[in-house]
Amino acid sequence: MTVKPFQLLCPRELSDALATLEKHSGNIRVLAGGTDLLPSMRQRLFEPEYVLDIRQLREIQGIRLTEQGIEIGAFTTLHAIENSDELKRSYPLLVEAAKTVASPVIRNMATIGGNVCLDTRCLWYNQSLSWRKSCGFCIKKDGNICHVAPGGTKCWAAFSADTPPALLCLQAEIEIRNASSSRRVTLEKFYTGEGDNYRRLQPDELVTHIFLPRGSALYGGAYRKLRIRGSIDYPLAAVAVALKRKNGDFEDLRIAITAVNPAPLLVAGVQSLVNRAMTRERMAEEIAELAARTAKPLTTSALTPEYRREIIRVFTKRAVLEAAAD
Amino acid sequence: MSDFSVVGKPIPMIDAAAKTTGAGKYTDDLSLPGLLIGKILHSPHPHARIRHIDISRALELDGVVAVVTGADAPNPYGILPVGHDEHALALDKVRYVGDNLACVAAEDSRAAERALELIDVDYDILPAYFDPEESMKAERDLIHENKPHNLEKDYHHVFGNPAQGFAQADCTVEGRFIANEVTHAAMEPHSTLATFDLDPVTGNIGRLTVWSSTQVPYYLQHKLSLVLDLPMSQIRVIKPLVGGGFGGKSEVIPLEIIAAIAARKARRPVKITYTREEVCWAHRGRPRTIIDLKTGATSDGRLTAVEARVIQDGGAYCSYGVVTILYSGALLGALYDIANLQYDGYRVLTNKPACGAMRGHGTVNVRFAFESQLDEIAAKLNLDPAEIRRQNLLRPPAITVNGLRVQSYGLPECIEKVVERSGWAERKGRLGKGRGLGLACSHYVSGAANSIIRSDMPHSTVNIKIDRDGGVVVYTGASEIGQGSDTMTSQIAAEVLGCLLSRVKVVAADTDLTPIDIGSYSSRVTFMAGNATLRAAQEVKRQIASAAAQKMGCAPEELIFRDDLVFRRDAQRGVPRLEGEPSGENPSRQRSRGRTHEQANTSQASVAGRVEGQILRGSLQQKRKEDLTPKDFMTFEEAVVAAIDFHGALTGTGSYAPPAAARGGKYKGAGVGPSPAYSYSAQVAEVSVDEETGQVTVHKVWAAHDCGRALNPVAVEGQVIGSVWMGMGQALTEEMIWKDGLLMNPGLLEYRSPSAAESPQVEAIIVESVDPEGPFGAKECSEGALAATIPAISNAIYDAVGIRLHEAPFSPERVLAALRAKKAAKPLNLTEGVDPTRPTRFREHGGALCFKQKGPERHELDASRAR
Ligand SMILES: Cc1cc2nc3c(=O)[nH]c(=O)nc-3n(C[C@H](O)[C@H](O)[C@H](O)COP(=O)(O)OP(=O)(O)OC[C@H]3O[C@@H](n4cnc5c(N)ncnc54)[C@H](O)[C@@H]3O)c2cc1C
């Protein structure tokens, strides 16, 4: 289907961009790489009157070393991230996760800001307008039923981006700005856990930067992603593990999962299982169990929820053991 | 003679440059002055009676030129004469979500799409049927009134004495297999551009011209004539480049008719190109199939009887369905020697998009079941899977119990080759944890011996015309769809005429210009159009020979055509050296090997006097005046000029109809299955299975294929690799997912054809059985290999981890479910209650379409409401 006509606005200055957002607030969408927004607009999931193209905003591009760690502009491509020597050295987990997104061609366009802000996904939602008509629409768009959890009133569309679990493990913060102010929040706080209203972002706000604290540099880690094909596919379940060691012991272990809930989630309670008197294998299994219990997949994708949850278990265990072996 | 100069050589596709540079034109690339864009309104209901369609609001919209509905073309059609149950735009009823209701022709797509929103349709919603076994119980609200129990067609065949066969068996294995639904996923979505000539004086509508992405231009011409009430002579169908078909373009697809109706009403050219979702709704793919299979064998592995009950979920229209269900039974024969055979086939209607022909038509799902069960028997009898297959080989020439004639039969060699190359004897069962090898075989027709339109007309006819400068034009109705038919045609013409391949130009698939050919399906083109080309070329060659023989003072039989020369057999050694040629005793021998076209072209130009065209002709004429003594040889052009001077025009024609002996038995349904020749395949797959995730990786496939003579080995290898790859898709990842008649994955992101990342190494091994009737001995090579891949992978999974999957695809959740069941691990509902090792029914996607009063409008008896 064709995209509904819109006006494309391409400011060169961040301040202009923010003023534009404020002016058309509620009737404007931010276009970064467009790899998710444009297909969605063709499906008539968004029909904004204005589209704000942010590709000319220098201030929100590039990877910069700072006192506190690393600052990544929201409009930095995943291609740049996977090829950044600094990130490869200090935050290999992020690089590993970024590399699994979509395919090389898409990563040339896709940005990290877009990845963090990525819309949640569901087989009943990411469909054409005529398809959605035939299912009577859904809570997330134009309807009153959630087809995957029909008794309830909540939207269960799955948050399905790859870099946020890595960013969560690395304790990333994001900078959000509007025309008059700027705020900085931990990524964890950015997501609501609702499938429809999935992020805490006001209509006049833009995500401008992502910060990785110095304290998270040099964490070891592993990212395990379930996809049917070795390329192209979104994650159907995935887990990121970040580990800091001290004298062979685990000093800090963080685990986050994606694609199995309406938000990417840090698995709570992991640290309490670490360094107890048990084998690595046993510990990994217990942590995996915790991760699996955190996952609440529903039938938002072709694979069954039970399978996706099981994979969270298997992959968590594997990722923990792999991180531990490094 | 095995020493050919063009045939048997690896030759790049003659249209490859246009495709790889983007210069080639597909239908959607075409435009005409005044072109309108057509967009189709699709049904949101799986089954409903149309009370009323109101297009008035749509017509008022700016930019809208015409809106057409079923009433604009009420004549029914369908690809099979027995299945005229379709209307390109619904007349009284819609039968699946996606069925076609109306089409808007507008100045641009946006106006057309907006107009669709303004069409008001009033429905009476009917209960819908989605599961074929449920559908067969229907007493009311039938999908087509004239098909009781929603049964499109059933066949019950008994050959030999199955009861006696089973009585003789030492081992009998029985089981239900399920193959889920797959679709072609050709790269090019369907596209059609239609335009009518307007009489310049009266303004009346005149002839129709249609450009369409079709495998079957002549059937399209025929069906357009039926629906539009126009004589076929008033319709011209042209097939531009086609980006793959795999069967999805082997019949008339609604948009092809709709574009024509819309163009007629709008009195302007109309183009419609499907979205990927519309391609999935047009579908015509491989039906999901239930196969209840029973096989008996003696203790040494000889098969004593086979009994198959097959149910196909055909969707809402007949399409090729009657043929599909017959192929499923018929091609139980002709691979192995089976004396007793029982087949019960049911083609069932459901409220889903129509299934049709897809690569390996009708044979693939049954072959998956059969080859899996054969391995189960081998395991029970403690026989090697290769051995049990060797035990049951045919001894051709043979006629099978169900009346199929088998002549060339390279299966034994195929099995030997893959067993040898894969290291089967040493490696099978010894690859360590989670890794295994599996073997399976398959076969396919080289064209159907009986065409779907019952008539005595030849299945292929080819005309050849040669110009004075030696340019050879071949006119063929055969449809190049990427498989290489134009290249094949050129090769055969060049080989017969002994001229350079670069002289041959192919004009194909334009019903005004090219003689009839029934199309590119059932792997018939090389065999049939190839034979027709061969005969046409031979006819022209005879004319050239008679003229050349006069010039050379010998009998025509003494002439040899080769390497762009015509020479006397006895003068072979004396042929003078040509400019630009290295010296050597025998130019014809030398030139036949490994010379590029460019080299050939240069020397050709220097023989005849520089370049092509007029200058060339002039120089030839001069030469003729100077030189009147009989010669030992003539260049191809000189011979052609002589022939034209002698005969006037230089044209020839050839046609092919399958011989009576190949047309099969007399019983009801005997027409489907017979072929003039069968291709054979054997494959070994090497896989590994991740036992914690159920993920299967195919590492390598050794695929031996008997294609008769390989006219173009690279093309054969390409087809075999493509078949394996497509079969691997059906084996592991491709599956149309259904929920109450909604296709949950109508796009290439969620319908997962393998990507380059999953492609295993495929070692294509060509086996050349040289068929007595094929052109230069060639048979098919594009479909037969696919069916072996699925069971080869399934059998390899068994070898790797000991689970026997009865449901395809072997998705990770199914594999894991089977693994956990085997280990008696804590049960997890990984497959929504359908055990992939003993499936009973098709699985529906989870969640709910309707809940209480919420969700789309559906009839209260509809399955979606019942739950
Ligand atoms: C075939 C295919 C496969 C894919 N596979 C994957 C995959 O495997 N993993 C994965 O994670 N993703 C995948 N994607 C989705 C997408 O490509 C990536 O998530 C990408 O990083 C999105 O970035 P973008 O710049 O293209 O975002 P856009 O499409 O431009 O934007 C996405 C959303 O974020 C908003 N947005 C973007 N930037 C900002 C900002 N700075 N501030 C506020 N809002 C903003 C947009 O308004 C929009 O709502 C896939 C997409 C396709 C088409």
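A salt bridge here is a side-chain nitrogen of Lys or Arg within 4 Å of a carboxyl oxygen of Asp or Glu. The model is predicted: local features need pLDDT of at least 70, side-chain atom pairs count only at pLDDT 80 or more, and totals for chains, interfaces and linings use all residues. Residues are numbered from 1 along each chain as its sequence is written, and side-chain values use heavy atoms, with hydrogens and water left out.

Start by selecting chain A and chain B. The rule finds six salt bridges across their interface. To see a salt bridge, pick B:Glu117 and A:Lys133, whose closest N and O atoms are 3.3 Å apart. Next, colour helix 8 (129–134) and helix 12 (305–325) of chain A; each supplies at least two residues of the side of chain A that touches chain B. Helices are DSSP runs of H or I with at least four residues, numbered from the N terminus. Helix 12 of chain A gives the largest share of that side, nine residues.

Now show the whole interface. In contact (heavy atoms within 4.5 Å) are 48 residues of chain A and 50 residues of chain B. The two chains bury about 4,000 Å² between them, 58% of it on carbon and sulfur atoms. Buried area is the accessible area (1.4 Å probe) that two parts lose on being put together, summed over both.

Then stay within chain A and select domain 1 (1–54) and domain 2 (61–117 + 158–325), bounds that come from an automatic or database domain assignment. Their centres, taken over C-alpha atoms, are 26 Å apart. Pick A:Leu18, A:Thr35 and A:Ile54: in domain 1 of chain A, these lose the most area to domain 2 of chain A, together 36% of what that side buries.

Terms used:
Chains lettered and ligands numbered in written order.
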